[in-house]
Amino acid sequence: MDFLLNHIEALIFCSTSPLKLQEIQKCLSEMFEADVPKEDIEGALEKILKKYESDEYSFQVEHIGGGYQFMTKPAYQASIGIMLKQQSKKRLSTSALETLSIIAYKQPITKGEMEQIRGVNCDYTVQKLLEKELVEIKGKADAIGRPILYGTSQNFMEYFGINDLKDLPTPKDFSQDENQIGKENED
């Protein structure tokens, strides 16, 4: 079983994006020229996850974006943050975050609908989100002029470390009762 575990560990390590269970199974089946049972792979993944929970490692294997990927542990966030500070390529501006959140919660959505919500032109921001591959074109609306529909991409899931859109925070997660004025009457 350690033989299989080592191969799976190597695959996850070499992958630049979260590696899905099906991808692992396909690769191993081709390498061993035999079907590798899904249960064996899941068992090895459990051992890998447990192995890297140990404090002797500065990284761990995370289940994100529907797959598995090596990630640095939160305790090392400050040192990594300093190193990555110079990289602005992946940083998102306030307007990009606003537009991206509108797309995430309202998808599929047209640029006109985004602009109506934000109150400003979104051409540049949407273009930048497309370039960063956080947003993708989902089709065309059945409205006049057949405007393009936008939605989030798999890279969006990876960027924010979520597996599903259901993992996005709900508006109630942001409510702050201490900011309300007055008292509610209990009838």
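**Figure 1. Gly65 sits in the hairpin of S1 and S2, where its phi is positive, near 60 degrees.** This is a predicted model. The hairpin has two residues between its strands. Strand S1 covers residues 59-64, and strand S2 covers residues 67-72. The two strands pair in the antiparallel sense. Six bridges link them. Look for Glu62: its bridge partner in S2 is Gln69.

**Figure 2. Lys73 is buried but has no salt bridge.** Find Lys73 in the loop between S2 and H4. Asp55 holds the nearest side chain of opposite charge, 4.7 Å away. The side chain of Lys73 does reach another atom: the backbone oxygen of Glu53, at 3.3 Å.

**Figure 3. Four residues form a nonpolar patch on the surface.** They are Tyr76, Ile80, Met83 and Leu84. Together they have about 350 Å² of accessible area. Tyr76 belongs to the loop between S2 and helix H4, and H4 spans 77-84. Is Tyr76 buried or partly exposed? Tyr76 is partly exposed, because its relative accessible area is 34%, and the partly exposed class lies between under 20% (buried) and over 50% (exposed).

**Figure 4. Three strands make an open sheet in the order S3-S5-S4.** The pairing is antiparallel. Which strands stand at the edges? Strand S3 (109-110) and strand S4 (135-140) do. Each has a single partner strand, so one side of each is left without a neighbour in the sheet.

**Figure 5. S3 pairs with strand S5 over two bridges.** S5 is made of residues 148-152, and the pairing with S3 is antiparallel. Ile109 stands opposite Tyr150 in S5. Thr110 stands opposite Leu149 in S5. How many of the five residues of S5 are buried? Four are buried, and S5 is mostly covered.

**Figure 6. S4 and S5 are joined by five bridges.** These two strands run antiparallel. Val135 has its bridge partner in S5: Thr152. In the strand order S3-S5-S4, S5 is flanked by S3 and S4.

Note on methods
Residues numbered from 1 in each chain as written. Predicted model: local features only at pLDDT ≥ 70, side-chain atom pairs only at ≥ 80, totals over all residues. Heavy atoms only, no water. Pairing = 2+ DSSP bridges. Patch = residues over 30% accessible without salt bridge, like charges linked within 9 Å, V, L, I, M, F, W, Y side chains within 5 Å. Areas by Shrake-Rupley, 256 points an atom, 1.4 Å probe, with all protein chains shown as cover. Buried < 20%, exposed > 50% of the residue type's maximum accessible area, 1.4 Å probe, protein only. Lys, Arg positive; Asp, Glu negative; His and termini not counted. Polar contact = N/O pair within 3.5 Å; in protein donor to acceptor, adjacent residues only side chain to side chain.
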